[in-house]
Amino acid sequence: MAQQAALKKNPAAAKAKKAKEEKLYPFKWEGKDRKGTKITGVQQGSNAALVKNQLRKQGILVTKIGRQSTLFGKRAKPIKPLDIAFFTRQLATMMASGVPIIQAFEIIAEGAENPNVAKLVTDIKNNVASGSSLAESLRQHPKYFDDLFCNLVESGEQSGRLESLLDRIATYKEKTEALKAKIRKAMTYPIAVIVVAVVVTVIMLLKVVPSFQDVFDSFGADLPAFTMFVIGLSEWLQAWWFVGLILLIAAGYTYTQVHRRSKPFRDYQDRALLKAPVVGDIVYQAAVARYARTLATTFAAGVPLVDALDSVAGAAGNVVFYDAVMKIKEDVSAGSQLSFSMRTTNVFPSLATQMAGIGEESGNLDGMLEKVADYYEAEVDNKVDNLTTLLEPMIMCVLGVLVGGLIVAMYLPIFQLGNVVG
């Protein structure tokens, strides 16, 4: 009774409690629009009647509706950083258009194709409706919203510029994820081709070579050394393939565990990656772009430079840049200029330090840093395209050596037999 009385006195809390009790389910529907055209779709809602009412408001006459089964149908996908970027962009756009924040959350949740995204947005909406700030609500989901994201939202709420800050955060997230996608593109293509080549080679050694071996045994003649080597490799693989598979799985598991638990190993890997040929230059320029983009976003949000550098260090993504940013923070705290501190680390390129110096002198540091980020993001894009072009002939050579070598080894005795007969 006391709880009900408290809820009556606080309508917002009552609304939040009611919303928390509601669960969203995907409903598959069929219907007709205002022109009579048959259309279908999937809509999130707590029950079929509510979904039909929502669709009726959109001018859709529902003729058939049912809850979509997730047992044999599509399973809910995990929430990815791109989903968070899209959510931020939607929220920024609707708030800039004058849509109340609670209603904006409801619209985003209803339109989300991923049920996990809809649930996340609904949870945030419920917390905000119960009286929490948006930053506090986001902090309850640290898996999806890091300290940088939450600090920028908090700064926007305190300054009354939440709409513009959300727009800047959305741009930052979109640019960051696009940069990561470019790096993945540079790594994925050659790795995928090499893996396929290795799989084809193993299949040939296990299935094709033994067939040729039976033919060679009937010759009764000495086989070339290269052919004998391939046959020996095939026999070993047939006898011990499971050992090789176990070793491969064990190596992958060991690497994953060591990488997750050992900071010195991760630091060594970060330093080695920057020194790697071709790829190291891409990783370096991507780190510079990420540093400039993050610092520009935080500084433009009104975060003091020293505090902004803390967020930048956490978003650096590489221990070399993390150490450099922490050194810059110490120098800036002692009164040094940002550009001078960047130069003394011997990590940042001269273009980035000079642009930062111009930004400090002109009072447009965030604008200059954004130009630096744009420049190095474009450089990464170009280098990824060039790397793909450069790797194609190298990959063809690897395929030729692996697959072509096996074919030559198998046909070499046949060629020699033909010469003897001739």
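The structure is a predicted model.

**Strand pairing**

- Strand 1 spans residues 25-32 and runs antiparallel to strand 2, residues 38-45, with eight bridges joining the two.
- Five residues lie between the strands in the hairpin of strand 1 and strand 2, where Gly36 takes a positive phi near 85°.
- Strand 1 is also joined to strand 3, residues 61-67, by six bridges, and these two strands run antiparallel.
- The bridge partner of Phe27 in strand 3 is Arg67.
- In a regular strand, side chains alternate between the two faces of the sheet.

**The largest pocket**

- The volume of the largest pocket is about 800 Å³.
- Its lining consists of 33 residues, and those nearest the centre of the pocket are Thr176, Lys180, Arg290, Ala315 and Gly317.
- Two or more lining residues come from each of helix 4 (81-96), helix 8 (147-159), helix 9 (162-217), helix 11 (263-275), helix 12 (279-300) and helix 13 (305-314).
- Helix 9 gives the largest share of the lining, eight residues.
- Sorted by class, the lining of the largest pocket has 17 nonpolar, nine charged and seven polar residues.

Technical notes. Residues are numbered from 1 along each chain as its sequence is written. This is a predicted model: local features need pLDDT of at least 70, side-chain atom pairs count only at pLDDT 80 or more; totals for chains, interfaces and linings use all residues. Side-chain values use heavy atoms; hydrogens and water are left out. Two strands pair if DSSP finds at least two bridges between them. Helices (H or I, at least four residues) and strands (E, at least two) are DSSP runs, numbered from the N terminus. On a 1 Å grid over the protein atoms alone, a cavity is a set of points where a 1.4 Å probe fits but cannot get out, and a pocket is an open set with protein on both sides within 12 Å along at least five of seven lines; lining residues have an atom within 4 Å of a point. Grid points are joined across faces, edges and corners, and a volume is the space filled by probe spheres set on the points. Ala, Val, Leu, Ile, Met, Phe, Trp, Tyr, Cys and Pro count as nonpolar, Asp, Glu, Lys and Arg as charged, and the others, Gly among them, as polar.
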